[in-house]
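Please look over the chain shown below, and keep its sequence beside the fold while reading the report that follows.

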Amino acid sequence: MRTVKTTAAAVTAALAAGAAGIVAGRIASDAGLKAPPGRPLPGEPRLTVHSTAAGRIALTRDLAALRPGTYGLAGDASHAVVGDVLTAEPHSADTVVRRLERVTHGTLAPGDKVWLTPNVYVGDPKSALGLDHTDVDIPGELGALPAWFVPGVRDTWVIAVHGLGTTREHALNIMEFLHRHRFPVLAPTHRGDIGAPRPPDGLNHFGQTEWRDLDAAMRYAVSNGARQLVLHGWSTGATMALRAAARSGLRDRVKGLVLDSPVLSWELTLRALAAARHTPGVLLPLAVRAAQGRTGLPSDHSGLYADRSVPYDDHGGRTDDMGPDRPPPPTLMLHGPDDTIAPWHLSRRLADAHPDRIALHTVRQAPHAAMWNADPRAYEEALRRFLTPLM
């Protein structure tokens, strides 16, 4: 009888532990599957405003606060723009002084909690940049997808697609540059965005299903005069661009891809986001399995592109999505080794495998999806060189 009771207790404990692991894995998977647009990704530190003065702001000393470049500085009820660190300014041991370029809305006061964001502009193309635009609704698979259209004289349209943790305002960073070079620009929302349809399961799919909303934007562009398309995506928006270039019925119209911080392994990205939430390492595999169970995402075998989100394989061949005679479009990748969310080594590996088709512009000291922010001039010059033959 004692043996039976001992065995029953052990089984009960094992079942309880298993159930607890499942729950913990599900919670950990929320770091990627429920990343809300317009909010900081896990791991992006909250900084404290220590003081402000004319053209200067003192923030908590942190590696994030020391990043070079131009960033949005967001708070719960404020947005500002900060430039480079002012090394000549006096500062205390626990602060960093940066150039304060402008306060877009709200106020900044000592004690406020803020975070750096790639979104330098807020609003729409007219209010943020003075660019005339049209608000359009793109007919999508799940319903109408709000989008901004900024006209241009060329018949090559750029479709700019944001990714994890940002909104279509992210596209405003490059919109003035594209307008100056006379490209029409379409900046769509996709499922899960504010104002766009909700995914049936309410979860992010790392671009694996969202790409169909990009396909809808491509159809809208072609039906309104676009002869050629350039797909410019950040983060999971880059994943969407890769998938659309492989699977869309309009893939023949895609003449170029611009991939900023592409998520080439959803599993590694999910692990990174969960780890940034201080998930114990032993639970990270459970987070991946929970995500698969909740979304149906295929395993990517540790980032070796088996999920087919990348339209070419490691050996120079083409996946079934591209077809045996369909070369991938020219591709510019902008990525760097300091990205802790989407591993840079996968971008480097892919570019090295296809030097005739993929150019990798390496950006250092830049967090995920903030390659433009680290050095806007160098980013736009790389973009200009890439787009010139496609004009």
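Which residue in E5 is the bridge partner of valine 82? The partner is leucine 100, and the sections below place this pairing in its setting.

## Basis of the description

This is a predicted model, in which local features need pLDDT of at least 70 and side-chain atom pairs count only at pLDDT 80 or more, whereas totals for chains, interfaces and linings use all residues. Residues are numbered from 1 along each chain as its sequence is written, and side-chain values use heavy atoms, with hydrogens and water left out.

## Overall composition

The secondary structure of the protein chain comes to 10 helices and 14 strands; helices (H or I, at least four residues) and strands (E, at least two) are DSSP runs numbered from the N terminus. Of the 391 residues, 55% count as buried, where buried means under 20% relative accessible area, exposed over 50%, and partly exposed in between, with a 1.4 Å probe and protein chains only. Among the contacts with a separation of 6 or more, 73% are accounted for by residues 24 or more positions apart, a contact being heavy atoms within 4.5 Å.

Six strands close into a barrel in the order E1-E2-E5-E4-E3-E6, with antiparallel pairing; two strands pair if DSSP finds at least two bridges between them. Neighbouring strands of this sheet are turned by 45° against each other on average, direction ignored. Strand E4 (residues 78-85) is joined to strand E5 (residues 95-105) by five bridges, and the two run antiparallel.

Threonine 70 lies in the loop between strand E2 (56-60) and strand E3 (71-75). Threonine 70 is buried, with a relative accessible area of 15%, and, not counting residues up to four places away in sequence, touches Val81, Val82, Gly83, Glu101, Val120 and Asn373.

## The open sheet

Eight strands form an open sheet in the order E7-E8-E10-E9-E11-E12-E13-E14, and here the pairing is mixed. Strand E7 (134-139) and E14 stand at the edges with a single partner strand each, so one side of each is left without a neighbour in the sheet. The twist averages 20° from one strand to the next.

Strand E13 (residues 331-335) and strand E14 (residues 358-362) pair in the parallel sense over five bridges, and leucine 332 has alanine 359 as its bridge partner in E14. From E13 the chain crosses through helix H8 (residues 344-353) to E14 in a right-handed β-α-β crossover, meaning that, with the strands pointing away from the viewer, the path from the first strand over the helix to the second runs clockwise.

Strand E9 (residues 156-161) and strand E11 (residues 228-234) pair in the parallel sense over six bridges, and in E11 the bridge partner of alanine 160 is histidine 232. Helix H5 (residues 236-247) lies across E9, E11 and strand E12 (254-260), running at about 155° to E12; axes are lines fitted to C-alpha atoms, for helices over the stretch in contact, and angles run from 0 to 180 degrees between N-to-C directions.

Serine 235 is found in the loop between E11 and H5 and counts as buried at 1% relative accessibility. Leaving aside neighbours within four places in sequence, serine 235 is in contact with Gly163, Leu164, Asp260, Ser261, Pro262, Val263, His368 and Ala369. Serine 235 and alanine 370 are 135 residues apart in sequence and 9.7 Å apart in space, C-alpha to C-alpha.

## Aromatic rings

Rings of Phe, Tyr and Trp (its six-membered ring) pair if their centres lie within 6.5 Å, and planes under 30 degrees apart count as stacked, over 60 as edge-to-face and the rest as tilted. By this rule the count comes to two aromatic pairs. Phenylalanine 149 and tryptophan 157 form a stacked pair, 4.6 Å centre to centre with 25° between the planes, and both residues are buried. Phenylalanine 206 and tryptophan 266 form a tilted pair, 6.0 Å centre to centre with 35° between the planes. This pair links distant parts of the chain, 60 residues apart, with phenylalanine 206 in the loop between strand E10 (185-188) and helix H4 (211-223) and tryptophan 266 in helix H6 (residues 266-276).

The charged end of arginine 46 sits over the ring of tryptophan 115, 5.1 Å from its centre, and arginine 154 lies over the face of phenylalanine 183, at 5.4 Å from the ring centre. A charge sits over a ring if NZ of Lys or CZ of Arg is within 6 Å of the ring centre and within 35 degrees of the ring normal.
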